[in-house]
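Subject: Handing over the structure

Hi there,

Here is the structure I promised to pass on to you. Please open it beside this email and have a look around before reading further.

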Amino acid sequence: MMQEKSHQARLEQLGAYPFERLKKLFGGITANPELTHIDAGAGEPRLPLPAFVADTLNTHIGGFSKYPSTIGGLELRGAIANWLMRRYDLTSVDPATQVLTANGTREALFAIAHALVNPDCATDDKPIVMMPNPMYQIYLGAAYTAGAEPWLLACNSETGFAPDLSSVEKETWQRTALVYVCSPSNPTGWIADEAYYAELLALADEYDFYVVSDECYSEIYWQEKPVGLLQVAEKLGREGFSRCLVMNSLSKRSALPGMRSGLIAGDAELIKRFTKLRSYTGPATPLPLQHVAAAAWSDETHVTQHLDVYRQSLKAFFDVFGGQIPAGSFFVWLPVTDDEAFAKAAYSQQAVTILPGSYLGAEDEQGINPGSGYIRAALVDGPDSAAELARRLKAVRI
Ligand SMILES: Cc1ncc(COP(=O)(O)O)c(C=O)c1O
């Protein structure tokens, strides 16, 4: 009975998901009917299907008659390991022990806290799961439901939108079990550099915690290709990527969000633990989709073409809107006076859907939500639409 109560309380800590809140915010208002609606709310790439998808699926369609294994077949894990080695210049990644497949990274980012955080550990205080604020809301949900205390690292103009590690006290690090990094960042576009990852890994060794790096937007950047956690770990000579896991996705890189396919890679010991949890939760990727995913990780032509479109879209937007192009991701993160009022006005006056930044953040102990006073718009419909979006956002009046 007691246990049931405490579980209920954990779930109750979760707020409504940002898009549910948005639906509620827009309740009773209509988009300007004289304009074609632009949906820049969700981070859903809307590019044509890469050419190999249909052929590969047809060739392997018979695989729907079989149960797939939860960890993913070796063909796909091999393609992922090869991609990681090519992309990050790694000397070796073992597909058998250092790679798992994910059904999109959302489920994996959520589940990992349940595998790595032990709420009953010996310390008197709850373990801490640290994360950027604003953040991909899954990290917050994962921390609460895993029985941890979320610790929010404010990312604002003062920190250059970096989650500020220097602001954390020793006692807090001592309770930390897991740190989520998101680079390139949704929503701010910040990119972690080598020094940032190195500092975090030194802290991880000193205070005994794990680092999970969400690198879903690694192939979408304005100028410099982002470094990855495993790349820095190898450069620092860390044996077997100790304490590190990365997650990446075909949703953004290959514009295949509906396929629900991603990767988990890093420290073999952590992979082993996660495999055990996943053998119960069972997020297996259907065999035909594993073949499509292997093809997608093995081809860079479509990724280069997508990057070109994202760069054109970013340029088109900022040519009209003015301001600085973000370092990574396809999001723009713009300061406004009142983010909810702005989002409502953008919808009713300009038929544009965007997200209030406060929905992507959480209030810290001082009651400050660093997402407040910003809106997030996704540039996912190509350069013409991005330019039109910029014109309409400029015209919004609140
Ligand atoms: C930062 C970040 N991480 C992870 C995901 C999850 O992507 P998927 O589950 O499609 O791999 C998203 C999706 O929007 C995201 O923005």
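Below is what was found in it, from the whole chain down to single residues.

A word on the ground rules. This is a predicted model, so to speak of a local feature a pLDDT of at least 70 is needed, side-chain atom pairs count only at pLDDT 80 or more, and totals for chains, interfaces and linings use all residues. Residues are numbered from 1 along each chain as its sequence is written, and side-chain values use heavy atoms, with hydrogens and water left out.

**The chain as a whole**

The secondary structure comes to 15 helices and 12 strands; helices (H or I, at least four residues) and strands (E, at least two) are DSSP runs, numbered from the N terminus. The radius of gyration is 21 Å, close to the 21 Å that the globule rule gives for 398 residues, so the chain is as compact as a globular protein of that length. That radius is taken over C-alpha atoms, and the rule is 2.2 Å times the number of residues to the power 0.38. Along the principal axes, the C-alpha atoms fill a box of roughly 55 × 55 × 45 Å.

Of the 398 residues, 55% are buried (buried means under 20% relative accessible area, exposed over 50%, partly exposed in between, with a 1.4 Å probe and protein chains only). The chain exposes about 17500 Å², and carbon and sulfur atoms supply 51% of that; accessible areas come from the Shrake-Rupley method with a 1.4 Å probe, and for residues only the protein chains shown count as cover. Among contacts with a separation of 6 or more, 75% are between residues 24 or more positions apart (contact means heavy atoms within 4.5 Å).

**Around the ligand**

How many residues surround the ligand? There are 14, and the closest are T105, D214, S249, S251 and R260; a residue is near a molecule or strand if one of its heavy atoms lies within 4 Å of it. By class, this shell has five nonpolar, five polar and four charged residues. Here Ala, Val, Leu, Ile, Met, Phe, Trp, Tyr, Cys and Pro count as nonpolar, Asp, Glu, Lys and Arg as charged, and the others, Gly among them, as polar.

D214 has a polar side-chain atom 2.6 Å from a nitrogen atom of the ligand. The protein covers 92% of the 390 Å² of accessible area that the ligand has on its own. Helices α5 (105-116) and α10 (250-253) each give two or more residues to the shell, and α5 gives the most, with three.

T105 belongs to α5 and is buried, at 6% relative accessible area. Beyond its neighbours within four places in sequence, T105 is in contact with C216, M247, N248, S249 and L263. R260 sits in the loop between α10 and β8 (262-266), is partly exposed at 33%, and has a positive phi of about 55° although it is not a glycine.

R253 lies in α10 and counts as buried, at 2% relative accessibility. The R253 side chain reaches the backbone oxygen of A296 at 2.6 Å, and one of its polar atoms lies 3.0 Å from the backbone oxygen of D299.

In helix α6 (residues 138-145), eight of the eight residues are buried. Just after α6, G147 takes a positive phi of about 80°.

Where are the cis peptide bonds? One joins S183 and P184, with omega about -10°, and another joins N186 and P187, with omega about 15°. P184 is in the loop between β5 (176-182) and α8 (194-207), and P187 is found in the loop between β5 and α8 too.

Enjoy exploring!

Technical notes:
A polar contact is a pair of N or O atoms within 3.5 Å; within protein, one must be able to donate a hydrogen and the other to accept it, and residues adjacent in sequence count only if both atoms are side-chain atoms.
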